[in-house]
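Today I am opening my notebook on aromatic rings.

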Amino acid sequence: MAPSLRLPARAALLSHSLPEPRVPRGPPVPPDASLPPRTPHPRGPPEPSRPRGLAEMPGPSSTAFIFELLCRGGVRRLHEMQVHGRCRFGPLWKARFGPVLTVHVADPALVAQVLRQEGPEPSRALSCPWKEHRSLRGVPGGLLTLEGEAWRGSRRVLARGLLSPGAAKAFAGPVATAVAELVARLQRLRRRHPQGIVPDIGIEFNRFGLEAKGHVDRRVATVAAQGPLAEGDTCVTDLLARERVPISSIYGNVSELLLAGVDTVASTLAWSLYELARNPGAQAALHRELVAATATNGVTNSDGATTDSATAAATATALGRLPLLRAVVKETLRLYPVIPANARVVPDRDIRVGDYLLPRQTLITLCHYATSRDSRFFPVPNAFRPERWLRHRDTGDTPGDTPGHPPGTGHPFASLPFGLGPRSCVGRRLAELQLHMALAQILLRFEVRPEPEGGHVRPMTRTLLAPAAPIGLRFLER
């Protein structure tokens, strides 16, 4: 296109993407003086306003939305587009990509409205490639892709073994062993560099998250050959096998748990150390808390030797009661939620969200990244401030996961890194256990500092939220 034609073309595209101006209303019509005054009716409850339809909902034009996604790198900036969309259109807007219309919800109160109307068997989306791939190959799915009664059965079994209070402590022994191996590997890597730099901690933490993969494969083979093992064994495979779940379904559930769990742990651990390195005051305060817990024999400072299950479980219990350690993980997940948005479809009825009526089968995107960086609920929202989670007494569970218990002065639905309700993350307690134990052992052994030549690392959407560049850190032995 000639340079003289570019400006009119871009102006035309911009005009389509801007909201239409509203038609100004005329002056109010004065009442007719010849008519008798109306007798006021007794006051009652205000009538609910008539909900508006999707045609009245604001949003970018389809052309502008597709241009932003494909020509301006929006596919990797979906989390930022949430914030921009809320600033431009308000807390509720629509966007169309071809035949798919999506309603974006970027206000905690409206997110709560959606979740409270999703029903006992919520659906994530109309379709997804992972689900279609498994369906075409005849491979059973897991919690991420199953729907209906099949999903409910798997959810019930796994929730009983993973979400009940204290359930995660049963996995503390294997986790402690994996953490000791991770710390030993960081020690070897830092010795290879004169300044103690590990150039890409994300790769190392992904290996830590995948440590269980070989064990799972071996355990599935054992269960297939011998049946479920002893009641005291701590393996997700056995939880499913005891319920007589077919081996193919065990593979489906375990592979999807690994798919979600590895990224959750690896990404959150990398971002936590990145922020602690850039905030030495917070790191020093957390180290003091960990040293104090070690002095009272509540936390064991592993030296790489194998830790017995009882000691590991006691350490896990003690770590779960350290308020600043928990606050660091919560603040990291607020800034960098592994899943920056969640999808919902209410298949059987229309629902009202705010001032709008959403028809059944509408694809709804819950914009968790935008709500967790809302300055109304989190002052200085882009700053790493773990102390914001210490305003209320920490009860040992995760504030913010339960409606009615807001984190600090925030909204209970503003930061939901593990989701909420029937579709919430079934491996939440296990992920927190891994994060607490890994952070504790790393910070007891090393002081973490930024890489001298490293710059600011921004997040990037790759289905999940991930660092846009490798995170390099200095590990100085204490």
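**Entry 1: a cluster.** I looked for rings that group together and found that Trp271, Tyr274 and Tyr336 form one aromatic cluster. I keep in mind that this is a predicted model.

**Entry 2: counting pairs.** I then asked how many aromatic pairs there are. The count comes to 4 aromatic pairs. I looked up tryptophan 271 and tyrosine 336 next: their ring centres are 3.9 Å apart and their planes are at 5 degrees, so I noted the pair as stacked, since planes under 30 degrees apart count that way.

**Entry 3: another pair.** I turned to phenylalanine 378 and tryptophan 389, whose ring centres are 6.1 Å apart with planes at 40 degrees, so I wrote the pair down as tilted. Both residues lie in the loop between helix H15 (368–372) and helix H16 (428–445), so the pair ties together parts that are 11 residues apart in sequence. I noted phenylalanine 378 and tryptophan 389 as buried.

**Entry 4: charges over rings.** Which arginine lies over the face of phenylalanine 378? I found arginine 334 there, at 5.0 Å from the ring centre. For tyrosine 336, I found arginine 373 over the face, at 5.7 Å from the ring centre.

Key: Residues numbered from 1 in each chain as written. Predicted model: local features only at pLDDT ≥ 70, side-chain atom pairs only at ≥ 80, totals over all residues. Heavy atoms only, no water. Phe/Tyr/Trp six-rings, centres within 6.5 Å; stacked < 30°, edge-to-face > 60°. Helix = DSSP H or I, 4+ residues; strand = E, 2+ residues; numbered from the N terminus. Buried < 20%, exposed > 50% of the residue type's maximum accessible area, 1.4 Å probe, protein only. Lys NZ or Arg CZ within 6 Å of the ring centre and 35° of its normal.
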